[in-house]
Amino acid sequence: MTDGLFRPPVWIADGQPAQPPTPVELAARARAQLRLPNPALAANPAGEQLVNLPTWLWLSSGWGSVSATASVPGVSVTATATPVSVTWSMGDGNTVTCQGAGTAFRPGTEPKAPSPDCGHTYRTSSAGQTGQAFPVTATVHWTVTWSGAGQSGTFPDMTTTGNSTFRVAEARALNIGGG
């Protein structure tokens, strides 16, 4: 069973007093119940990117704190996962690490302006790639803390990953005038 309400059985030998789980054990249960969202990748220009034009990067979902609580009578411990950064693997050999979800491009913004906090500029076309597109991956890095029963601590960081493909075209100008 894998739902968030499942609690594994605890076997107690005959004649032994039942020992409640420690706060650290409850914290591990709470961490196991965390359901981190998968990031949804977004970029501008929408559709096809262009060589030498800044690409804005952001997550349209999958960014925000998530908590889960594990309890036994009289004791509760809560684990909280907080996103701290996202690392984009751009498919062209470059990576970009951003300290937030990125800023969504808004209509009316100068198309040649770089993103204020999360972007990349492709220098080559994706024409030679499989499917004529670069495989792009965004990995969100989460810090996981816990607290309860007068104690607190930190777990090893967790990650979630989202994938997409970006087609990158090269615009060429043709001068057919005589001057």
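In the predicted model, N44 has a relative accessible area of 18% and is therefore classed as buried, the cut-off being under 20%. This residue belongs to strand β1, which spans residues 40-44. When neighbours within four places in sequence are set aside, the contacts of N44 comprise Q49, P54, T55, W56, W58 and F105.

A search of the whole structure identified 1 disulfide. The bond is formed by C98 and C118, whose sulfur atoms lie 2.1 Å apart. The torsion about the S-S bond of C98 and C118 is about 80°, and the disulfide is therefore right-handed. Because C98 is located in strand β6 (residues 95-98) and C118 in the loop between β6 and β7 (119-121), the pair ties together parts separated by 20 residues in sequence. Both C98 and C118 are buried.

The pairing of strands β8 and β9 was also examined. Strand β8 (residues 134-148) and strand β9 (residues 151-166) run antiparallel and are joined by 14 bridges. Within this pairing, F134 is positioned opposite F166 of β9. The hairpin of β8 and β9 has 2 residues between the strands, and A149 adopts a positive phi near 55° in this hairpin. In a regular strand, side chains alternate between the two faces of the sheet.

Methods. Residues are numbered from 1 along each chain as its sequence is written. This is a predicted model: local features need pLDDT of at least 70, side-chain atom pairs count only at pLDDT 80 or more; totals for chains, interfaces and linings use all residues. Side-chain values use heavy atoms; hydrogens and water are left out. Helices (H or I, at least four residues) and strands (E, at least two) are DSSP runs, numbered from the N terminus. Buried means under 20% relative accessible area, exposed over 50%, partly exposed in between (1.4 Å probe, protein chains only). Contact means heavy atoms within 4.5 Å. A disulfide is a pair of cysteine sulfur atoms within 2.5 Å. Two strands pair if DSSP finds at least two bridges between them.
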